[in-house]
Amino acid sequence: MNQNTAAQLDAADPLASFRDRFVGAGSDLVYFDGNSLGRPVAAAAARLTEFVEQEWGGRLIRGWDERWMDLPTTLGDDLGRIVLGAAAGQTAVGDSTTVWLYKLMRAAVDHAVRTAPGRTEIVIDTDNFPTDRYVAEGIAAERGLTLRWIEVDTSAGVTADQLSEAVGERTALVVLNHVAYRSAWLADAPELTRIAHEAGALVLWDLCHSAGAVQVDLDAWDVDLAVGCSYKYLNGGPGSPAFGYVNARLQDELTQPIQGWMGHADPFFMGPGYTPAQGIRRFISGTPPILGMVAMQAMLELVEEAGIGAIREKSVALTSYAVELADATLPEVTLASPRDPAQRGGHVTLHHERMREVTARLWERDVIPDYRDPGGLRIGLSPLSTSFDEVERGMGAVAEALR
């Protein structure tokens with residue numbers, strides 16, 4: 001086990017000062033659920049007040065012409081540059097994760113039906129996030145397609161060998177999680193993308209559990225499509241909008257299925273027919289949730305200041321410390337996440353048959369992990385707002401609760 005104490009690790013942490021910029025991070029509460037809902041950035045409160053008083057209250061409807069109309073794409077460009085490894089013009093913010101998944105999955109399979117009618121399968125794994133699976137099931141039913149399931153170990157994720165066996169001449173789309181929601185398995189995105197492309201298929205990556213905690217390089221990986229949320233490691237707040245990425249080489253080829261007025265070439269023409277806008281804007285449907293983007297802007301500035309590389313290093317250090325403490329103090333618990341930090345995202349899952357009741361007991365003590373079947377206590381460690389001392393105190397509480 002690492003001989004450094006939590007105090008020593010915190011003292012040596014180059015990102016320790018960022019913790020002061022989050023509401024409640026200095027309290028005694030132990031927050032192990034940053035991969036479900038991030039703490040609020042302290043600066044967001046002032047930004048929201050300023051927005052209500054000056055932009056919304058002062059500029060009123062003029063705000064659309066002055067800034068709001070373009071915010072889904074300008075914020076998308078910031079997100080692409082700071083977090084996603086995506087050049088400008090490929091990312092847009094708005095809608096929920098589920099809506100983005102539907103739009104991009106449906107656009108991908110409809111493209112396959114038009115250009116290669118024999119491609120009638122969507123490849124997806126059995127431990128993919130439930131929403132992704134449900135949306136894929138619905139689209140398959142709508143379009144008369146088949147789902148090809150990859151059976152995966154719930155303590156790991158999709159491997160290159162498994163994907164190679166699943167894809168072929170009938171594959172239209174592959175849907176994958178970059179970080180598995182249950183195990184934190186960090187997929188080999190460039191290799192899996194290459195395998196899908198070799199089979200002639202498009203690939204859609206779900207980045208919900210990686211954006212803001214793990215380095216992503218969508219353009220370099222030649223990813224086709226990606227979707228992610230902003231309320232986990234991007235700290236946008238409950239219900240903050242999701243984002244979608246469409247590689248520039250595909251934007252003119254795909255037809256998105258929810259044709260709303262905001263994706264029209266001239267939204268205020270309001271004519272009898274739909275003409276899609278150029279570029280990523282055609283994948284926007286309805287009025288964007290401007291209020292929900294304000295807090296996300298505050299967090300993106302912190303991520304840019306810290307640097308996603310340094311954030312990933314802190315994430316690895318935090319999860320590794322949690323694993324070391326589990327090994328030393330929880331002999332009855334099984335690690336249900338990859339032990340190699342290079343294969344692990346920003347959370348750790350510990351397995352024990354009593355973890356559901358343990359989670360409830362911990363919540364009563366202001367120690368907040370979450371629970372995932374079967375028997376998984378999930379410890380989500382948001383790098384900029386979590387200290388090593390918090391990890392130590394929380395893991396001690398887990399040991400007490402199990403006893």
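Contact here means heavy atoms within 4.5 Å. I wrote that down before looking up any residue.

**Entry 1: the model**

I am working with a predicted model, in which local features need pLDDT of at least 70, side-chain atom pairs count only at pLDDT 80 or more, and totals for chains, interfaces and linings use all residues. I number residues from 1 along each chain as its sequence is written, and side-chain values use heavy atoms, with hydrogens and water left out.

**Entry 2: L402**

I looked up L402, which is found in helix α13. Helices are DSSP runs of H or I with at least four residues, strands are runs of E with at least two, and both are numbered from the N terminus. L402 has 4% relative accessibility, so L402 counts as buried. Which residues does L402 contact, leaving aside neighbours within four places in sequence? I found L330, E332, V333, H352, R354, M355 and V358. I also checked L402 against F388: they are 14 residues apart in sequence and 21 Å apart in space, C-alpha to C-alpha.

**Entry 3: α12 against α13**

Two packed helices are described by the angle between their axes and the distance between the axes. The axes are lines fitted to C-alpha atoms, for helices over the stretch in contact, and angles run from 0 to 180 degrees between N-to-C directions. I took helix α12 (residues 355–364) and helix α13 (residues 388–402): their axes come within 9 Å and cross at roughly 120°. Angles under 35 degrees count as roughly parallel, over 145 as roughly antiparallel, 65 to 115 as roughly perpendicular, and the rest as oblique. α12 and α13 are therefore oblique to each other. Their crossing is right-handed. A crossing is right-handed if the near helix is turned clockwise from the far one by less than a right angle, and left-handed if anticlockwise.

On the α12 side I listed M355, V358, R361 and L362, which meet A397, V398, A401 and L402 in α13. The residues of this contact divide into seven nonpolar, no polar and one charged. Nonpolar covers Ala, Val, Leu, Ile, Met, Phe, Trp, Tyr, Cys and Pro; charged covers Asp, Glu, Lys and Arg; the others, Gly among them, are polar.

**Entry 4: α11 against α13**

Next I looked at helix α11 (residues 308–329), which packs with α13 at an angle of about 30°, the axes being 10 Å apart. α11 and α13 are therefore roughly parallel to each other. α11 passes α13 in a right-handed crossing. K314, A317, L318, Y321, A322, L325, A326 and T329 in α11 meet F388, V391, E392, M395 and A399 in α13. I note 10 nonpolar, one polar and two charged residues in the contact of α11 with α13.

**Entry 5: D10**

D10 lies in helix α1 (residues 6–12). D10 counts as buried at 18% relative accessibility. How far apart are the C-alpha atoms of D10 and F388, which are 378 residues apart along the chain? They are separated by 5.9 Å. Leaving aside neighbours within four places in sequence, D10 is in contact with A16, S387, F388 and D389.

**Entry 6: the cores**

A nonpolar core is a set of buried Ala, Val, Leu, Ile, Met, Phe, Trp, Tyr and Cys residues joined through side-chain atoms within 4.5 Å. The largest one has 93 residues, of which L163 and W205 touch the most other members. Helix α10 (residues 290–306) supplies the largest share of this core, 10 residues. Another core, of 31 residues, lies apart from it and includes L9, F32, A326 and V367. In soluble globular proteins, nonpolar side chains tend to be buried together.

I then went through the backbone. D373 and P374 are joined by a cis peptide bond, with omega about -5°. P374 lies in the loop between β12 (370–372) and β13 (376–380).

A184 is not a glycine, yet has a positive phi of about 75°. Its place is the loop between β5 (171–177) and α8 (189–198). Is A184 buried or exposed? A184 counts as buried, at 0% relative accessibility.

D222, also not a glycine, has a positive phi of about 60°. I found D222 in the loop between α9 (218–221) and β7 (225–228). D222 is partly exposed, with a relative accessible area of 34%.

Definitions and conventions:
Buried < 20%, exposed > 50% of the residue type's maximum accessible area, 1.4 Å probe, protein only.
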